[in-house]
Amino acid sequence: MTGGRALVLGGGGVTGIAWETGLLHGLAEHGVDLTGADLFVGTSAGSVVATQLAGGVPLGDLYGSQLLPPDGEIPARLTGWMVVRYALSYALPGSGAAKRARLGRAALRANTPSEASRREVFESRLSIKDWPSRALKVTAVDAADGRFVAFSQESGVPLVDAVASSCAVPLVWPPVTIGGRRYMDGGMRSVANVDLAAGCSRVVVVAPLTRAMTKAATPQAQADRLGVPSIVVSPDATALAAIGKNLLDPARRKPAAEAGYAQAASVAEAVRAVWN
């Protein structure tokens, strides 16, 4: 895309969805409505929010849904051994794709819920089921060879499957089958994949997570390399406390959303300066 404004939404589990939604709703109420973006880029949790916004779902409705009780949802968790497996996959020599493929092979062998059950989650979670007319990129990684992909309307991939694959946290959730290939979380390449906004004239990044395996892969470093007005907004101390230690815990959804909404007041002017 040449010119235009991009909204890039990063990964961060169910609490990331909530915090992003709260922040965006709060910004809109402070007169900084980011839903008019020309391009939406979504990674993992951010793919859920980006898809809804690109599809025209009102922010108020999305925010209200984050305040509802978990209603029987079972929290998942990245265990200590999973974190070690992640670290080992990336610590060993090889290209970025080779490192991701190591983790992908472990993800393909992992004992997880079924693909069908996870697809049902996204069927119910997404208010829209078809690709919107507005530009949307949903990131994922091929679990077999580590190849990074950015699904779009032109990819011919069902939207629900694209989003489910972007959210398929390795070792926790099953990689998603698309066209005979298995795909996992796009955050395995970068927590926000800000570089997909290259060519846009202004970029706002909303990133629940900002750490990366290398400094060059952080959202801020990626945004800086774009060479255009940009800003990266991440959770403040209050929001981090509200989110808690388990990003996959539905019980933390409401406090995370409320913290994002409250944080909007402190960043609205800085975001406005970039967006407008």
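Is C200 buried or exposed? C200 is buried, because its relative accessible area is 3%. Here buried means under 20% relative accessible area, exposed means over 50%, and partly exposed lies in between (1.4 Å probe, protein chains only).

This is a predicted model, in which local features need pLDDT of at least 70, side-chain atom pairs count only at pLDDT 80 or more, and totals for chains, interfaces and linings use all residues. Residues are numbered from 1 along each chain as its sequence is written, and side-chain values use heavy atoms, without hydrogens and water.

| Residue | Relative accessible area | Class |
|---|---|---|
| C200 | 3% | buried |
| C167 | 9% | buried |
| P69 | 60% | exposed |

A disulfide is a pair of cysteine sulfur atoms within 2.5 Å. By that rule, the count is zero.

P69 sits in the loop between α3 (59–66) and α4 (80–91). Helices are DSSP runs (H or I, at least four residues), numbered from the N terminus. P69 and P170 are 101 residues apart in sequence, and their C-alpha atoms are 26 Å apart in space.

Now the interior. A nonpolar core is a set of buried Ala, Val, Leu, Ile, Met, Phe, Trp, Tyr and Cys residues joined through side-chain atoms within 4.5 Å. The largest one has 58 residues, and L7 and F151 touch the most other members. Helix α10 (residues 253–275) gives the most to this core: nine residues. Another core lies apart from it, with 32 residues, including L39 and V232.

F151 has contacts (heavy atoms within 4.5 Å). Beyond its neighbours within four places in sequence, F151 contacts residues including W131, I178 and Y183.

Definitions and conventions:
Helices (H or I, at least four residues) and strands (E, at least two) are DSSP runs, numbered from the N terminus.
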